[in-house]
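Welcome to my notebook. I jotted down a few things I looked up, and you are welcome to follow along.

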Amino acid sequence: MKVVLITGFESFNLDLYKQAAVALGRACPAISLRVFSDRDLGPRRAEVEAALQGADVFFSSLLFDFDQARRWGVEWLRARIGRIPVRLIFESSLELMEATQVGGFKMAAGGKSKGPPPAVKKVLSLFGSGREEDKMVGYLSFLKIGPKLLKFLPGQKVRDLRTWLTAYSYWNQGGLANVVSMFLYLAKECFGLEAGGAAPQEVVETPATGCLHPAHPGYFAGPAKYMRWYEREGPVRDPSAPTVGILLYRKHVITEQPYIAQLVECLEQYGLRPLPIFINGVEAHTVVRDSLTTTHEQQLLRSGVQTSPTLSREAVLVDAIVNTVGFPLVGGPAGTMEGGRQSEIAKAILGAKNVPYVVAAPLLIQDMASWVRDGIGGLQSVVLYSLPELDGAIDTVPLGGLVGDNIFLVPERVKRLANRLHKWVALRRMAPQERKLAILVYGFPPGVGATGTAALLNVPKSLERVLALLKQEGYDLGEVGEDLEGAGEAIVAALAAQDDQRAIAEGPIPFLPDNDILVSRLEKQWGELGKYQGLSARGASVVSGIQLGNVWIGPLLGVEGDPMRLLFERDLTPHPQYAAFYKWLQQDFGASAVLHMGMHGTGALRGPRGAAGGPGPHAMNAVLCCAVLCCAVLCCAVLMRTALAPRRFRSMPPGCTSTCRCYAVPTVHLPARLASCPPAEGPRLLPRPLLVRCRSLHTALAPSPSSSMQVVENRIFSEGLHVLGQAPPPDQTAQYLSAYFGDDLPPEAAVRIRDLLALNSEELRSVARALNGEYILPEAGGDLLRDGAGVLPTGRNIHAMDPYRMPSLAALDRGSKAAEAILQAHREANDGAWPETVAVNLWGLDSIKTKGESVAIALHMVGARLVKEGTGRIARFELVPLGELGGRPRVDVLCNMSGIFRDSFQNVVELLDDCFQRAADADEPPELNFVRKHALAMKAQGLTNPAARLFSNPAGKPLPPDALPTCSPGCTCLPAGSCCDYGSMVNERVGASNWEDGDELGNTWVSRNAFSYGRGGERGTARPEVLQELLKTTDRVVQEIDSVEYGLTDIQEYYANTGALKRAAQAARPGAKVGCSIVEAFSKEVKPRELEEVLRLEYRSKLLNPKWAEAMAAQGSGGAFEISQRMTAMVGWGATTDFREDWTWDQAAETYALDPEMAARLRWANPQAFGNVLRRMLEAAGRGMWNADAQTLRQLQQMYADMDDELEGVKR
């Protein structure tokens, strides 16, 4: 009997299987066992194929097709195992499991048996608790006892089923003896082959679940028995030590993986009492539900609230729960591809426990080397982050990973986990008045009025409500009084003053602990430390902020040098002042938690999915944030951040929702003082040259900002900014619903949404719960119009989506319709000619919110459709035959990917790359396949990888000067040594007025986006020649707008990418017109519009709409900054697309500068922002974008000179 065994997810068992092959050869020379792993399907494919050709038995376990390499392997295997008589495939891809066959027993499509006899079905129904979520647990119970029961049922089909069940039992129980006996049993039952004295033994069983400890032989039957032993003999007997339930993967336990004992002992070393419970995976929820309890749950029971009828009377009290298996809590590995099907049950279980639920696991899908090199991506990211977040998991910590076929822990990572668990528990046990809280507000870029701003959030007013909440909760706010009206603006003004270079600092404070490696990395990246303000290599720095008792408020990211690089560096070696700030938070201030008003720097830095989250003691995010627990208040529509940050809460702008997440972190303290002054004068009379200590703030809570939405020329727009925890009044709710839904909303649905919107006050309650270390209910973020009422109420822990189902069916339908409309409109405008190449922007936020509409647009252009495997996961983008395209050609597609899309949807990138390669290789006429036409032309020029179509920013490794792609000889658009991997840098140049003409900005875009991504080693390969050839054939650019809150004119990224891409294509083909189609994904109809039309609509409905202007100006400093940013964007669109229509600048000047009342309000609220408004108007006139009359120019110039003097402190 010849057996070929290929294992996947259990590569840690390869040595065991190889030992079994040796043992089988000795016991029965007639049995040969060849052992491979899924990684061998590439380099050793010929050897595997030769082994399969003569095989009698094919055995495979935990073999999935979660990336392109393995997908090819699965397809390749399916085509070659069909003739092997016995095929056993356990817990693998459904397409492979369908091939299972033992005699007359076969697996059908979808992985279901073709029909056990009715008696077997009856027996199976008797197992389990009867609950839907417990069916898999009951199924495992049946697998254990099924072979014994089936002895008494007649029929060959039953016998074959019993053989399959017995083989599964051997495999599931694991261990060398069981594996050897499994193959001896198959030889006897399937081939009549006896092994003499080496007959198969009975299955050596280990419990399906149980507890263990390295100091105790054997297993404990359950947590109660374990804890009784531990309290007598365990290493940590201090009853006050936190008890942590730890879920372990049973297969790792029974194969005696060394890391398990190491993990338990390390946690004990750091003062925790571990409760290690091993599970198969599917029992995770039953163990947490029935065997673990908490003080919160016991309080509920005493108050008469029943949490679960199956809760054991001997359930053990725990302070936190750590899942080292990953995957969803309900379903485990079996539920991996089912997304959030059972997430509601997990929410109910974890909500009743109300303790931190943390996923901390070793990487088993990718190895340590790839973690260091590329960060955590693909299915590993889904298993470790995306799926657990559906359950509300927080604070994911990768503990180690594979080195070869062995699992190793990284001790520093275990220390980090223990440290954070201690802090979560301490937060829960600490009285509010004893906690130290740091509240961080945005402060970048410095000098333009950005301090105290956040996406769609009124930070000053939200600060007032948060401070009121903290005072109510019992936090020590020093001398802060009950009246807080105006306090938010006063605090923001004080923080902005501290950004002034003339500020007087009190200090110094400690910089970084002595660590030559870290300091040398900082100096290598940023230069001599002593050149930065308030910072020296001798160990001193200055941190600005305001302290109110135990609450410290400060700006983040407003630092000198080139602070945007902080967001772009692949290894995230942060700016020295930034690093000093976080070490000060950890060591000097000693904050219990940090609350971010808007997600910025730290959240992205902490996200361990990138290479910065790599193993070892010198990963910067671990160094700076391992001792930090953080919350972030976000608009629930800002979903791309959810792919970066470990925990966030949701909030809601007028017509949007709000979101928060939370961690705990020690912070830092720097003295500051706020002068006493009348409420109306407070923000204006702050002593700007000073760092000040905040002693008292006496004012009253301001009225709510408007939350209404207006339709202007049939356009929906967001009016004003959201205040955290503030529900819209009834009239504004009605206006909001009318604007979003018109007459299409049934009355009962309208009442439901109205009631959910009224729950916005829960946003503040969730902030308080997070700062208490409690469990926050998770929910998918999104847009109410697109995603329905499920995004409400706000104040929950948001997550994004499952990338393995992108695009969704709805997105495919809308995207296909949009693409078809774009093609037809292009033909109508171009005498029936088809576009040869269409550039489609693939953005992370857009793709998350629309579930992949932009991907669907690209697929329709090239003529491709989805191929799904049994679970609904997309396995391939398959070319539609030319005959089914209705006579049209395949249109070539240049995909311009944002960094977030590239890093978050690696599986989609690989699928698209595979699709483009298939199109380039298709045996089709070039005149009907433009992908092939262009690839052949580039191949004739000697270009490598002419099918590359997915371009983005560089991968992050420093590039030597001779390796930099350039747009022209002598180009300096991309500086030598650049490591940036996010952004086109066009907006930076526009913001700094550092450009001469639009072509220069187009060249900058080309230099920043000449890097190709795809399968295999295509990870940021510089291919500027391929990109230039594609630009020469680009007839049209396509951009989706995913929400009403942020349109083309609202943020810098649209002109910096869409506008600059259009300019680059125009420059590559002089004399030809490059069109640009805008698809508004928030609209019910799919009607692409030309870029110029959308710009006009947006300017009329928002920036130049008196109602919008008034609402935004009423938001204080944050509203003034929003207006200022849109003026910069006007310059950006003029620079990149030559959109230069005088009426836009005329009305902007009349509205914001020449209206004395409006000008005074903006100048008072945010002098720096108002200065930028004036500066952009003068710049537009100076660059020929605006033909302003001489009198208007003189007035603006005088206003700007006066404003500049005021900012510089010049008195006349």
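**Two helices in contact**

I started with a pair of helices: Gly998, Asp999, Leu1001, Gly1002, Trp1005 and Val1006 of H36 meet Ala1056, Asn1057, Ala1060, Leu1061, Arg1063, Ala1064 and Ala1067 of H38. Contact here means heavy atoms within 4.5 Å. Helices (H or I, at least four residues) and strands (E, at least two) are DSSP runs, numbered from the N terminus. By class, this contact of H36 with H38 has 8 nonpolar, 3 polar and 2 charged residues. I count Ala, Val, Leu, Ile, Met, Phe, Trp, Tyr, Cys and Pro as nonpolar, Asp, Glu, Lys and Arg as charged, and the others, Gly among them, as polar.

A note on the source: this is a predicted model, where local features need pLDDT of at least 70 and side-chain atom pairs count only at pLDDT 80 or more, while totals for chains, interfaces and linings use all residues. Residues are numbered from 1 along each chain as its sequence is written, and side-chain values use heavy atoms, with hydrogens and water left out.

Next I looked up the angle: the axes of H36 (residues 998-1008) and H38 (residues 1052-1068) come within 8 Å and cross at roughly 105°. Therefore H36 is roughly perpendicular to H38, a term for angles of 65 to 115 degrees. Axes are lines fitted to C-alpha atoms over the stretch in contact, and angles run from 0 to 180 degrees between N-to-C directions.

**The largest cavity**

I then searched for cavities (sets of points on a 1 Å grid where a 1.4 Å probe fits but cannot get out; lining residues have an atom within 4 Å of a point). There are 13 cavities of 30 Å³ or more. The largest holds about 120 Å³ of space, a volume being the space filled by probe spheres set on the points. Of its 16 lining residues, Phe9, Val325, Phe327, Pro362 and Leu364 are the closest to the centre. Strand E15 (362-367) gives the most to this lining, with 4 residues. The lining has 12 nonpolar, 4 polar and no charged residues.

I found 48 salt bridges in the whole structure, each a side-chain nitrogen of Lys or Arg within 4 Å of a carboxyl oxygen of Asp or Glu. One of them joins Asp319 and Arg429, whose closest N and O atoms are 3.4 Å apart. These partners are 110 residues apart, with Arg429 in helix H17 (residues 411-429).

Last, I checked the backbone. Most residues other than glycine have a negative phi, and most peptide bonds are trans. Asp395 has a positive phi of about 55°, and a cis peptide bond joins Met806 and Pro807.

Terms used: 1 Å grid on protein atoms, 1.4 Å probe; cavity = no way out; pocket = protein on both sides within 12 Å on 5 of 7 lines; lining within 4 Å. Parallel < 35°, antiparallel > 145°, perpendicular 65-115°, else oblique.
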